[in-house]
Amino acid sequence: MNNLRFATAVHILVLLDKFKGQLITSEFIAGSINVNAVVVRREIKVLREAHYILAKKGKEGGLCLAIAAKEILLGDLYKLVNQQNRLGRMNQPNPLCSVGKQMNGHLDTLFNRVDRELHISLNEQSLADFSAHIA
């Protein structure tokens, strides 16, 4: 399971929650995450389009939360940034093999079930809940 995008999005939103009332820059966020600012800007675009954050351009610009942290559910955020095949890629098995020809259908069922359970479990926690654990 690749959680890099989710981890990045959570980190961005926690920073914005912790710096309420201030505008923070993508460079500041990138420094906190220890990644290139391009990675941060890519996730910022997704978060802005989902109306989780607001961006002000210009010399005095920066980012802030658009909605309260308690309204952002972690499962919904995970779904937003991981819209494709969350557990991994499926193989291209041999369609002539009795096992191979059935494999992807059964894996798809498994992946979908696990994905639903993950979404439900993550939605038991808001960004505010998660952020509260970080000093």
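1. Contact here means heavy atoms within 4.5 Å. By that criterion, and leaving aside neighbours within four places in sequence, Ser26 is in contact with Val40, Arg41, Ile44 and Leu63. Ser26 is placed in helix H2 (residues 26–33); helices (H or I, at least four residues) and strands (E, at least two) are DSSP runs, numbered from the N terminus. With a relative accessibility of 11%, Ser26 counts as buried, where buried means under 20% relative accessible area, exposed over 50% and partly exposed in between (1.4 Å probe, protein chains only).

2. The model is predicted: local features need pLDDT of at least 70, side-chain atom pairs count only at pLDDT 80 or more, and totals for chains, interfaces and linings use all residues. Residues are numbered from 1 along each chain as its sequence is written, and side-chain values use heavy atoms, with hydrogens and water left out.

3. Helix H1 (4–18) packs with H3 at an angle of about 75 degrees, the axes being 10 Å apart. Axes are lines fitted to C-alpha atoms, for helices over the stretch in contact, and angles run from 0 to 180 degrees between N-to-C directions. H1 and H3 are therefore roughly perpendicular to each other; angles under 35 degrees count as roughly parallel, over 145 as roughly antiparallel, 65 to 115 as roughly perpendicular and the rest as oblique. In this pair, Arg5, Thr8, Ala9, Ile12 and Leu13 of H1 meet Val40, Glu43, Ile44, Val46 and Leu47 of H3. By class, the contact has seven nonpolar, one polar and two charged residues (Ala, Val, Leu, Ile, Met, Phe, Trp, Tyr, Cys and Pro count as nonpolar, Asp, Glu, Lys and Arg as charged, and the others, Gly among them, as polar).

4. Glu43 belongs to helix H3 (residues 37–49). Its relative accessible area is 4%, so Glu43 is buried. Not counting residues up to four places away in sequence, Glu43 touches Arg5, Thr8, Ile12 and Val81.

5. For H1 and H4, the packing angle is about 125 degrees and the axes are 9 Å apart; the two helices are therefore oblique to each other. Arg5, Phe6, Ala9, Val10 and Leu13 in H1 meet Leu74, Leu77, Tyr78 and Val81 in H4. By class, this contact has eight nonpolar, no polar and one charged residues.

6. Helix H5 (residues 100–122) has 23 residues, which at 1.5 Å a residue should span 33 Å; its end C-alpha atoms are 33 Å apart, in agreement. The expected span is 1.5 Å times one less than the number of residues. Gly100, Phe111, Asp115, His119 and Leu122 are buried in H5. The cover over the buried residues of H5 includes H1 and helix H4 (74–81).

7. Ala128 lies in helix H6 (residues 127–131) and, at 25% relative accessibility, counts as partly exposed. Not counting residues up to four places away in sequence, Ala128 touches Ala69 and Lys70. Ala128 and Leu54 are 74 residues apart in sequence and 18 Å apart in space, C-alpha to C-alpha.

8. Most residues other than glycine have a negative phi. Asn34, although not a glycine, has a positive phi of about 70 degrees; Asn34 sits in the loop between H2 and H3 and counts as exposed at 70% relative accessibility. His51 likewise is not a glycine and has a positive phi of about 65 degrees. His51 is in the loop between H3 and strand S1 (53–56) and, at 58% relative accessibility, counts as exposed.
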